[in-house]
Amino acid sequence: MKIGFEIDPKEYKGPFNLDLTINSGQTSQPAWLMKDGYFQELLRFDNKLCLIKIQQENVEGTLNIEAETEADLELESIRTKLMDIFSLNDDLNDFYDFLRKDSELKPTIDFCSGLRLFKAHDPFECIISSISSANCSIIRWNRSIRDIKSKWGEEYNSNSNSWYTFPSPDILKNVPEHDLEEMDRCETNLPDDHSFEKNLKSCGVGYRAKFMIKTAEIVQNQINIDAIHKMSYNNAFETMLDLPGVGPKVADCILFYGFGFKEAFPVDVWIGRIVSEMYFQGKEIKPLKAREFGMKKFANRAGYVQLYMFHYARKSGLLDRIRQLNKS
DNA sequence: GCCCAGGTCTCCG
DNA sequence: CGGAGACCTGGG
């Protein structure tokens with residue numbers, strides 16, 4: 001079954017730039033695949049798979065969506081899900097009014113018009129990919145997530161292309177950590193030169209493999225994803241910190257990108273340096289101090305400010321200047 | 001071959 | 001509580 005529909009700019013407040021939103025390097029989810037002029041991703045609704053293709057003909061124009069599914073899905077639930085993923089219910093005009101009142105932030109608007117929070121479609125995937133992103137390059141953890149999906153995810157075929165979901169906590173918690181464990185669990189005798197590739201370390205996640213398996217176990221047994229949504233930010237933050245491999249930066253990313261907590265202000269080394277340049281005359285500021293500063297100053301807009309700060313720094317040359325400073 | 005980047009964990013004071 | 005060093009891997 002194929003459903004085609006549109007989302008009109010009148011349905012949301014302020015600008016939206018799909019390409020910018022998907023490709024601005026927001027952590028915690030690999031960018032959607034670009035193919036035949038459409039961004040594409042396999043989504044899960046309850047237990048139904050649905051391949052989404054989405055395009056925007058011109059910047060800030062109408063969105064064209066094609067949804068392909070073998071299940072019986074309501075158009076409205078697909079529309080609602082996409083509105084959520086691309087944060088189309090956020091009022092960017094209101095946010096820009098706020099930015100204009102801060103002389104440091106005002107210039108970010110020109111570089112980021114239509115940039116919105118790109119939310120994860122699966123909170124558990126977001127938790128695991130955030131763990132894999134810690135102390136790791138973007139290309140590397142993107143590849144890891146793709147590997148994990150193709151090894152243990154559910155397969156969906158469309159036009160001879162294979163798509164995979166991210167495996168559930170129940171599946172991931174039982175995955176072998178490394179090749180030795182995979183070999184031990186193997187029932188049959190294999191040739192001496194057999195390479196063991198269905199284990200987490202073979203996905204290039206390194207020492208994070210055991211964190212991920214343990215986290216999957218805890219999420220499966222002790223965490224209710226819906227309950228997180230209803231928690232206060234601080235409670236949700238503390239809950240995330242209890243997961244192995246999750247420190248303050250990763251917890252903030254999970255809460256912002258995975259759960260949509262707008263008061264999160266995730267601070268990596270770059271945001272730390274940007275904050276220090278923009279607000280502390282280049283004086284070094286510790287990550288937790290920068291986090292505290294951002295949360296206090298920007299309150300429920302902290303996540304968006306972090307998004308805009310980083311993209312602005314990249315495009316304006318600020319980031320290059322900071323790089324130079326750190327070399328000398 | 002060597003060194004570096006990048007958050008979290010662990011250990012030590 | 002804060003600081004120092006180890007951790008896996010890919011890229012320069």
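How many nonpolar, polar and charged residues does the surface near DNA strand C have, by class? That surface has two nonpolar, two polar and three charged residues, where Ala, Val, Leu, Ile, Met, Phe, Trp, Tyr, Cys and Pro count as nonpolar, Asp, Glu, Lys and Arg as charged, and the others, Gly among them, as polar. The model is predicted, with local features needing pLDDT of at least 70 and side-chain atom pairs counting only at pLDDT 80 or more, whereas totals for chains, interfaces and linings use all residues. Residues are numbered from 1 along each chain as its sequence is written, chains are lettered from A and ligands numbered from 1 in the order in which they are written, and side-chain values use heavy atoms, with hydrogens and water left out.

The residues around DNA strand C are Asn135, Ile139, Arg140, Arg143, Gly206, Tyr207 and Lys286, a residue being near a strand if one of its heavy atoms lies within 4 Å of it. Of the atoms of DNA strand C that come within 4 Å of the protein, 80% belong to sugar and phosphate. The backbone of tyrosine 207 contributes a polar atom 3.5 Å from a sugar or linking oxygen of DNA strand C. The term polar contact denotes a pair of N or O atoms within 3.5 Å; within protein, one must be able to donate a hydrogen and the other to accept it, and residues adjacent in sequence count only if both atoms are side-chain atoms.

DNA strand B is surrounded by 18 residues, the closest being Asn135, Gly245, Val250, Asp268 and Trp270. Sugar and phosphate make up 58% of the atoms of DNA strand B that come within 4 Å of the protein. The side chain of tyrosine 207 has an N or O atom 2.9 Å from a base nitrogen of DNA strand B. By class, the surface near DNA strand B has 11 nonpolar, three polar and four charged residues.

Helix H13 spans residues 269-279, and its buried residues are Ile271, Gly272, Ile274, Val275, Ser276, Met278 and Tyr279. Buried here means under 20% relative accessible area, exposed over 50%, and partly exposed in between (1.4 Å probe, protein chains only). The N-terminal end of H13 is capped by aspartate 268, a side-chain oxygen of which lies 3.0 Å from the backbone nitrogen of tryptophan 270. Glutamine 281 follows H13 and has a positive phi, near 50°.

The largest pocket has a volume of about 680 Å³. Among its 30 lining residues, Thr27, Lys249, Asp268, Val269 and Trp270 are the closest to its centre. On a 1 Å grid over the protein atoms alone, a pocket is an open set of points where a 1.4 Å probe fits, with protein on both sides within 12 Å along at least five of seven lines, and lining residues have an atom within 4 Å of a point. Grid points are joined across faces, edges and corners, and a volume is the space filled by probe spheres set on the points. H15 gives the most to this lining, with five residues. The lining comprises 16 nonpolar, eight polar and six charged residues.

The second largest pocket holds about 550 Å³ of space. Its lining has 25 residues, and Arg44, Asp46, His121, Asp122 and Pro123 lie nearest its centre. Strand S3 (38-45) gives the most to the lining, with five residues. By class, 13 nonpolar, four polar and eight charged residues form the lining.

Alanine 299 lies in the loop between H14 and H15. Phi of this residue, which is not a glycine, is positive, near 45°, and alanine 299 is partly exposed because its relative accessible area is 39%.

Methods: Helices (H or I, at least four residues) and strands (E, at least two) are DSSP runs, numbered from the N terminus.
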